[in-house]
Amino acid sequence: MKFKIQPIIIILGVIFLCIGVWQMLKTETMILSPWFLVLLFLPILIVISFILGYLLKIIIKSEWHILTLASIIVIIICSLFYASQYRPTHQVIIPKNFSGEVKLFVSNEKENDFKINNFGVGYIDKETFDKGFYPKIIKENNDITGQVKLYSKGSWVTTQITNYSFEYLTFVIPPEKKDNKDVGELLEANAIDTKRLPKK
């Protein structure tokens, strides 16, 4: 029976390793490419898995192959990594002729509004903003996610009279414009529905 189970465990180990690599490639990094993470951590993961598999074989005096036990370690580590990095995917709908900076403002609502207006403004709930998500950016029914770079978070505090504090997620739809409006200019243009934003 054990000789039938071991190949299945090894195959599962390879599948989970591929899932771990895929998830690592989706991980956002500030400076280095996700491929750098893969090339750095993949050999380390494999070596550690074999070392732990060897130690486990000695400790429990198992007759299973070290490769099988290493595959079990890989499955556990990749499962934990995937769970820790999991983020939902949400569609962000961009107007037909829009390019430049998009700002998703944290709203006081319990749902997201990822339909961007002509000024590049949309709304994101606090939970999604804090936990993060994987954007799928759609423009004219085309997925342009791969063209979009430079995701970042920002904040903007209004005067004591208006008493608002804005948090937002921002990214750029190519081609980037030189005349992108800042938050103050968006307020002046009535592009932001302040009723949907939390007060300071």
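**Asn190.** I started at asparagine 190, which lies in the segment after H5. Helices here are DSSP runs of H or I with at least four residues, strands are E runs of at least two, and both are numbered from the N terminus. I looked up its backbone: asparagine 190 has a positive phi of about 55° although it is not a glycine. Most residues other than glycine have a negative phi. Asparagine 190 is exposed, at a relative accessible area of 68%. The cut-offs are under 20% relative accessible area for buried, over 50% for exposed, and partly exposed in between, with a 1.4 Å probe and protein chains only.

**Ground rules.** This is a predicted model, where local features need pLDDT of at least 70, side-chain atom pairs count only at pLDDT 80 or more, and totals for chains, interfaces and linings use all residues. Residues are numbered from 1 along each chain as its sequence is written, and side-chain values use heavy atoms, with hydrogens and water left out.

**Lys61.** I then checked lysine 61, in the loop between H2 and H3. Lysine 61 is not a glycine, yet its phi is positive, about 55°. Its relative accessibility is 72%, so lysine 61 counts as exposed.

**H2 and H3.** I followed the helices on both sides of that loop. H2 (residues 34-60) and H3 (residues 66-85) pack at about 125°, with axes 8 Å apart. Axes are lines fitted to C-alpha atoms, for helices over the stretch in contact, and angles run from 0 to 180 degrees between N-to-C directions. H2 and H3 are therefore oblique to each other. Oblique is what remains after roughly parallel (under 35 degrees), roughly antiparallel (over 145) and roughly perpendicular (65 to 115). I listed the contact (heavy atoms within 4.5 Å). Among its residues are Leu45, Phe50 and Lys57 of H2 and Ile66, Ile73 and Cys78 of H3.

**Pro175.** Which peptide bond is cis? I found the one from proline 174 to proline 175, with omega near -5°. Most peptide bonds are trans. Proline 175 sits in the loop between strand E7 (165-173) and helix H5 (183-188).

**Ile93.** Isoleucine 93 is in strand E1 (residues 89-94). At 33% relative accessibility, isoleucine 93 counts as partly exposed. I noted that isoleucine 93 touches Phe114, Lys115, Ile116 and Ile138, leaving out residues up to four places away in sequence.

**Whole chain.** I noted five helices and seven strands in the protein chain. Of its 200 residues, 34% count as buried. The C-alpha atoms fill a box of roughly 75 × 35 × 30 Å along the principal axes.
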